[in-house]
Amino acid sequence: MMSGRIRLSPAGWIGAALTALFVGAALLSLVWLPHDVGVLDISARNLPPSPAHPLGTDHYGRDMLSMLMAGARTSIAVALLAVGIGLGLGVPLGLLAAARRGSWLDEVVMRGNDLIFAFPSLVIAILITAVFGPSAVNAILAIGIFNIPVFARVARGGALPIWTLDYIMAARVAGKGRALISFQHLLPNITSLLIVQATIQFSLGILAEAALSYVGLGAQPPTASWGRMLADAQTMIYTEPQLAIMPGLAIVAMVLGLNLLGDALRDALDPRLRRMGV
Amino acid sequence: MRRALLTRLLSLILSLVAASVVIFVLLQAVPGDPAAFMLGTGAQPDTVAALRADLGLEGSLPVRYLDWIGGMLRGDFGTSYTYRVPVAELVADRVGVSLPLAAYALILTVVIAVPAGLIAASRRGAAADWGVMGATQLGIAVPNFWFAMLLVLLFAVKLRWVSAGGFPGWSDPRAALGALTLPAIALALPQASILARVLRGALIDTMGQDYIRTARAKGLSQRATIVRHALRNAAIPVLTIMGLQFSFLLAGAIIIENVFFLPGLGRLIFQAITQRDLIVVQSVTMLLVFAVIAVTFAVDLAYALADPRLRRR
């Protein structure tokens, strides 16, 4: 259980600040953007930074700051929903497998997980989006499917040792079923494990979304996305290199922030893992 | 030992069968008639019918699946609709780019990660360790295709040392390797960061063991202890990660090839996707998955041979 205050390392605070910055920008973009990114103004294209456009404009005259904020919204939404798929399906599967340890159900869940792990995820994600058409929803599904076995494994691994504890035995003697015990007693105990894993998968999701939208298989225009901004910028890299720099920096800062936060949370919530340093 | 080998072989085959079913079913799930999908909306009905027959779309699903798998096993990957040549021919042309690229990147990964991990673990807590950990933290966060763009920006646009992409072919091996260098660096950086961190963690773990203390007590220097004792034991987690990394390198290569306009399997898949050449997509994906599963199997087997404790399981 998470109780009391969580002490974060300085690196953890940097991670939390970066994450908060991007999540804040994404939330703000829902209600307000400095400029409308749906409006193309060719006369204002490739402007240098100015008070009106703090980061300049792109090749269609769109405000870069607004594009980055709207892109943050897309990235975060896709990655977060993909984590949601993993948590929503993976955790129950993992808990179920742990509750019936060694049964055929456990076997099926774990072998199925091995199989998904063996797949080159990006190749399959590309295949899924190619078959069902490129869209943000299909990107979420393609990334989310590979989150399921990750969370199933973490949930099962976290739940197994708890099943041997006395108070679980007491709950069983009291007549509670395995499913009820799993959700009432085991889930709260593996929350911190799940939070740490969710942070990691969130950052991997941001990278995967960027890769998919870079190759044109993510969110489609006019939805802004960092990967698509990079793909557009690549054709103009000789004349307008700054357009290729900013979206990339945004991805790096967001992913770095989440990774630092994830590491710090893991250390804070589970001191035993600290010495591993991986 | 033989039994363990058989179990592993069986699970390899099961994985491949399951993978092929998933890929087959996914591509059957293409909305509507695949032949109509491939030809686009303006196609004549008789053209669509001819293509259906051509693609072997007549007959039940299981029959078509068995036809496809049987063909793959004989080396017949089907016929590309757009290129009008056997898919196997297309693949053979492009493997010569993708495989060397992945191998080049894997070598760079090891060359960068092993010294970095060694330095960080042996100077734990010192400035060198902080430097390596900071650099690798950044390396993990950088998308490889963006790093590739930065390399192009620096070496092709600003310095003009290399061309921004393309591949001259293997007739001039030096030029070919030159063309693969930037892509391989871009692919290797994130993987090297991961591997260096894993190696550091594994070494630190091993260095805490009693037999290491014994070796040190015998008067062996820190360096000799690491090289002779710790490194060998840290090899298992490192090999595991390297096996997984092959899959990332292959998948990463698909995207990196597009950044550098390299005529490899990745570009083939994307061209096939845009041209709706589904049989190419299906067969090339299956080949990639086969390569990944086979490498994982080989790594698994390698430990079983290397570690007597695992041999009996």
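Chain B of this predicted model is divided into two domains: domain 1 covers residues 2–73 and domain 2 covers residues 91–312.

**Inside chain B**

- Taken over C-alpha atoms, the centres of domain 1 and domain 2 of chain B are 32 Å apart.
- Their contact draws on 15 residues from domain 1 of chain B and 17 residues from domain 2 of chain B.
- On the domain 1 side, two or more residues each come from α1 (2–28) and α2 (34–39) of chain B.
- The biggest share of that side belongs to α1(B), which gives nine residues.
- By class, the domain 1 side has 12 nonpolar, two polar and one charged residues.

**Between chains A and B**

- Here, 31 residues of chain A are in contact with 39 residues of chain B.
- On chain A, the elements that give two or more residues to this side are α3 (104–118), α4 (121–132), α8 (191–214), α9 (226–234) and α10 (242–269).
- The chain A side is made up of 27 nonpolar and four polar residues, with no charged ones.

**Transmembrane regions of chain A**

- An unreviewed UniProt entry lists "transmembrane region" for residues 12–33, 74–95, 115–133, 139–165, 186–208 and 244–265 of chain A.
- Residues 12–33 of chain A are 91% helix and 0% strand, and the end C-alpha atoms of the span lie 29 Å apart.
- For residues 139–165 of chain A, the figures are 93% helix and 0% strand, with 41 Å between the end C-alpha atoms.

Notes: Residues are numbered from 1 along each chain as its sequence is written. Chains are lettered from A and ligands numbered from 1 in the order in which they are written. This is a predicted model: local features need pLDDT of at least 70, side-chain atom pairs count only at pLDDT 80 or more; totals for chains, interfaces and linings use all residues. Two residues are in contact if their C-beta atoms, placed from the backbone, lie within 7 Å. Helices (H or I, at least four residues) and strands (E, at least two) are DSSP runs, numbered from the N terminus. Ala, Val, Leu, Ile, Met, Phe, Trp, Tyr, Cys and Pro count as nonpolar, Asp, Glu, Lys and Arg as charged, and the others, Gly among them, as polar. Domain bounds come from an automatic or database domain assignment. UniProt positions are given in the numbering used here, feature names are shortened, and annotations may be inferred rather than shown by experiment.
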